[in-house]
Amino acid sequence: MKTPISDYDAKGMAELLKIEPYKARQIFRWLHNKHVFDFQAMTDLPKPLRERLEADYLPTQLQTITTHQTPRTQKTLFRLQDGETVESVLIRDRERVTICVSSQAGCPLGCTFCATGQSGFARSLTPGEIAEQVLHLLANEELGDRTPNIVYMGMGEPFLNYNAVMASIRLLMDSNGQGIGARKITISTVGEVPGIEQFAKEDWQV
């Protein structure tokens with residue numbers, strides 16, 4: 001069973017792989033900045049490291065099933081490694097790009113107004129599974145030096161997957177990756193009070 005690597009920041013990758021920090025930063029940049037999910041294409045890594053990564057680790061946890069495009073939107077259905085599926089949406093508004101991500105496969109709350117809630121709950125997503133939605137949707141998007149807005153308004157209740165959501169935000173804010181500013185990230189909740197109270201104590205401006 002291969003280990004997914006997109007759940008880790010550069011420090012975590014260095015510890016996991018027992019490699020020098022600068023090599024871990026290179027891997028992180030390939031995944032989170034250049035949107036390259038093929039270890040063999042990471043050409044500034046030594047060949048033995050690339051072969052080791054290829055043998056034992058997964059560069060991506062998501063597989064695109066379908067993508068529906070309009071001039072302003074791109075809705076993508078992803079399959080996870082265990083067969084569960086999640087949806088993500090990219091929205092264009094003039095110069096602004098907003099990406100709506102899912103934090104769970106299904107949702108346990110069962111809100112009557114929500115199709116996801118009525119379809120049942122499978123499991124919460126990992127930090128990498130959440131962050132990768134952004135990376136895959138941005139792979140063919142020309143943003144120049146701009147960064148997208150991120151909204152946690154897809155499938156699931158973010159505050160019921162609190163630790164993974166917080167970790168995914170840190171991955172997206174990492175300066176070696178997307179470098180998205182805290183004020184460009186929004187979490188939507190149906191009113192999960194313990195999560196709201198805990199989130200209010202976080203030391204950032206998300």
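1. Apart from residues up to four places away in sequence, T60 touches F37, Q81, E132 and H136. The structure under review is a predicted model. T60 sits in the loop between β2 (57-58) and β3 (62-69). Is T60 buried or exposed? Its relative accessibility is 17%, and because buried means under 20%, T60 counts as buried.

2. Two of the contacts of T60 are also polar ones made through side chains. The side chain of T60 meets that of E132 at 2.5 Å, and it meets the side chain of H136 at 3.1 Å.

3. Helix α2 covers residues 21-32, twelve residues in all. From its first C-alpha to its last it reaches 16 Å, close to the 16 Å expected at 1.5 Å a residue. Its buried residues are K23, A24, Q26, I27, F28, W30, L31 and H32. The cover over these buried residues includes α1 (10-17), α3 (47-56), α5 (127-138) and α6 (162-173).

4. In helix α1, the buried residues are A10, G12, M13, A14 and L17. They pack against α2, α3 and β2. After α1 comes K18, which has a positive phi near 55°.

5. How many salt bridges does the structure hold? There are six. One of them joins E141 to R92, with the closest N and O atoms 2.9 Å apart. E141 lies in the loop between α5 and β9 and R92 in strand β5 (residues 85-93), so this pair ties together parts that are 49 residues apart in sequence. E141 is buried, at a relative accessible area of 17%.

6. A further salt bridge links R94 with D93, the closest N and O atoms being 3.5 Å apart. R94 is exposed, with a relative accessible area of 77%, whereas D93 is partly exposed at 29% relative accessibility.

7. R123 and E129 also form a salt bridge, with 2.9 Å between the closest N and O atoms. E129 is buried, at 2% relative accessibility. Salt bridges with shared partners join D82, R123 and E129 into one network.

8. On the surface, L109, F113, L160 and V190 form a nonpolar patch, with about 390 Å² of accessible area together. Within this group, L160 is placed in the loop between β9 (149-152) and α6. L160 is partly exposed, having a relative accessible area of 33%.

Note on methods. Residues numbered from 1 in each chain as written. Predicted model: local features only at pLDDT ≥ 70, side-chain atom pairs only at ≥ 80, totals over all residues. Heavy atoms only, no water. Helix = DSSP H or I, 4+ residues; strand = E, 2+ residues; numbered from the N terminus. Expected span 1.5 Å × (residues − 1). Buried < 20%, exposed > 50% of the residue type's maximum accessible area, 1.4 Å probe, protein only. Contact = heavy atoms within 4.5 Å. Patch = residues over 30% accessible without salt bridge, like charges linked within 9 Å, V, L, I, M, F, W, Y side chains within 5 Å. Areas by Shrake-Rupley, 256 points an atom, 1.4 Å probe, with all protein chains shown as cover. Salt bridge = Lys/Arg side-chain N within 4 Å of Asp/Glu carboxyl O. Polar contact = N/O pair within 3.5 Å; in protein donor to acceptor, adjacent residues only side chain to side chain.
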